[in-house]
Amino acid sequence: MRNAPSPAPSGVCDKMKAMAPRVFLCFLLLSAVLCAQQTPSLIRFENRTPDSGVDFVLDNNVSEERRYVESVTGGMAAFDFDGDGLLDLFFTNGAEMPAAVKSSAKFHNRLYRNLGNFRFEDVTEKAGLAGEGFSFGAAVGDFDNDGLPDLFVAGYRANRLYRNRGDGTFEDVTAKAGISSHRWGVAAAFFDADGDGHLDLFLVNYVQWTPDYARYCGDRARNLRVYCHPRYLRPEPNQLFRNNGDGSFTDVSKESGIALHPGKGMSIAVADVDLDGDLDVFVTNDSEPDFLFLNDGKGGFTESGLLAGVAMSMNGRAISSMGADMRDIDNDGLPEVAVSALSGETFPVFRNKGSGEYTDVTYATGMAAASQRYAGWGIAFADFDNDGWKDLFTANSHVNDRIAETESSAYKQPCTVFRNNKGERFDLVANSGLQSVADAHHGAVVADFDNNGRLDVAVSVVNGKAQLWRNVSPAANWIAFRLQGRGPASKGSNRDGIGARILVNGQTNHQTAAGSYASSVLGPVHFGLGSAKSVQNVTIHWPSGLVQQLGNLAAGKVHQVVEPEP
């Protein structure tokens, strides 16, 4: 990977095209390569970290031995834990190795309460979320259907489930719930796998590794040790825990078909990819084919990544897949897939053709050229300029912190945003403001932290302070929906509405809490409206199968929607 190119000003591009005689076709081709990959845009962010009160530093306990757990940290979450209408922030953190213990406060996971106007306060100790062990991923969901969002933290032999008490504190119910695991968990997702109205838990496991793993990778002659390639480590099966509805879970990994497919899992995204009314699962694997688990509606899954066309890139090669998201990017009602990967591998985009089949449109959409110089982790589809088309954000950093000693490449990289041009292509936004800070970005969440209708971004940074980016794009109209399902009483719904599909003005979005890299967002479902000042028709497909119609809704606000009686 090489450093990301400096953006060419739009005026320079225009002059290059004007100066080139038509006979110099090669010059025109060069101009196209330099200019087509980036676009001037009204999508803009400002760094609000310095005065935000968020002072979290992700400490991965980096060592000369380059222990493998150090390299894939950074999961986080955004959710309203205290019910005040503002989305709060949670960050996972490392631990002292080789014991894998949080031996001091610098290794604590952190919860920041949103005070409004991009001000946050650290409430970790009061909340009881300092955590244990080496933590990686976070998942949010109301597993006990009491109306309060709960939290799961995936870690190296230290998974933890925290029940929200509703008084600003959390109770560790891991042992009571029966979901502890001795594997290396990196990411997780809450969703209702079997349609009983209770949120189940899907745990993404990585590789078989222990602190005494002693393989030397790098250049001994130069005393240059780096993190080993995952090819040297054995894969692990993922796990599915069924929610019994009484606060406990049962491991149904084998019965469901999940355990039949070991992988080197990194992240998870959840959506109804074939529109059959149940939620399917996409799992990224590190340097192995990715998984697409199609749900039979009863909690049984068939791995269909290769058949569906999303397991590998179009050249038939498995890539170093990191983060993932699934959203409808072309407004045809079907969720697409995007994956972040290492430099040179591009950030693949797969277009949903229906019936669970996809086609690789990475080159057709311009993402191949626009992303090939970056190494990505967190990734999210979101409409940052509220024009009705979901753009793409990526948090970037090379995986090798010593890459500059062996290649003409950079370890620290800026985050990027690619503007969606009416579902046909993505263009790198050259003047978004994100390019001003290069760092070791890993996890990322996209959420409206100040409730002004513009989607903001928070990013974790390895051995650096987390970053908050406020969306300062010019105002455009928007609408959002905060869903409240009826829970098991509605025969298949859950209190969070996870799995609900909403149709607004030709757009489709769904309520989910999984995506990015080992991260989770549970908040209102957002739609950009452009110049529209109201919405006449809204259709909500609830997980229970109930279809709700709403109309004549004002733009510029979050609408609270309660699932009606059947």
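How does the lining of the second largest cavity divide by class into nonpolar, polar and charged residues? I started my notebook with that one, and the lining has four nonpolar, two polar and two charged residues. For my counts, Ala, Val, Leu, Ile, Met, Phe, Trp, Tyr, Cys and Pro are nonpolar, Asp, Glu, Lys and Arg are charged, and the others, Gly among them, are polar.

**Ground rules.** I am working with a predicted model, where local features need pLDDT of at least 70, side-chain atom pairs count only at pLDDT 80 or more, and totals for chains, interfaces and linings use all residues. Residues are numbered from 1 along each chain as its sequence is written, and side-chain values use heavy atoms, with hydrogens and water left out.

**Cavities.** I searched the whole structure and found two cavities of 30 Å³ or more. On a 1 Å grid over the protein atoms alone, a cavity is a set of points where a 1.4 Å probe fits but cannot get out; a pocket is an open set with protein on both sides within 12 Å along at least five of seven lines; lining residues have an atom within 4 Å of a point. Grid points are joined across faces, edges and corners, and a volume is the space filled by probe spheres set on the points.

The second largest cavity, at about 30 Å³, is lined by Phe384, Asp385, Asn386, Arg454, Ser473, Pro474, Ala475 and Ala476. I then looked up the largest cavity, which has a volume of about 40 Å³. Its lining includes Asp290, Met312, Arg317 and Phe350, and by class I noted eight nonpolar, two polar and two charged residues.

**A pocket.** The second largest pocket came to about 530 Å³. I listed 25 lining residues, with Tyr227, Leu342, His398, Val399 and Asn400 nearest its centre. Of the lining, 15 residues are nonpolar, eight polar and two charged.

**Arg66.** I found Arg66 in the loop between strand 2 (45-47) and strand 3 (76-79); strands are DSSP runs of E, at least two residues long, numbered from the N terminus. Is Arg66 buried or exposed? Arg66 is buried, with a relative accessible area of 11% (buried means under 20%, exposed over 50%, partly exposed in between, with a 1.4 Å probe and protein chains only). Its side chain has a polar atom 2.6 Å from the backbone oxygen of Ser63, and I also logged a 3.2 Å polar contact between the side chains of Arg66 and Asp401. A polar contact is a pair of N or O atoms within 3.5 Å; within protein, one must be able to donate a hydrogen and the other to accept it, and residues adjacent in sequence count only if both atoms are side-chain atoms.

Within it, three bridges join strand 32 (residues 456-461) to strand 33 (residues 467-471), and Val457 stands opposite Trp469.

I checked another open sheet, with four strands in the order 7-8-9-10 and antiparallel pairing. Its edges are strand 7 (134-141) and strand 10 (170-172). Seven bridges join strand 7 to strand 8 (residues 150-156), and Phe134 stands opposite Tyr156.

**Asp167.** My last entry is Asp167, in the loop between strand 9 (160-164) and strand 10. The side chains of Asp167 and Thr169 make a polar contact of 2.5 Å.

Note on methods
Two strands pair if DSSP finds at least two bridges between them.
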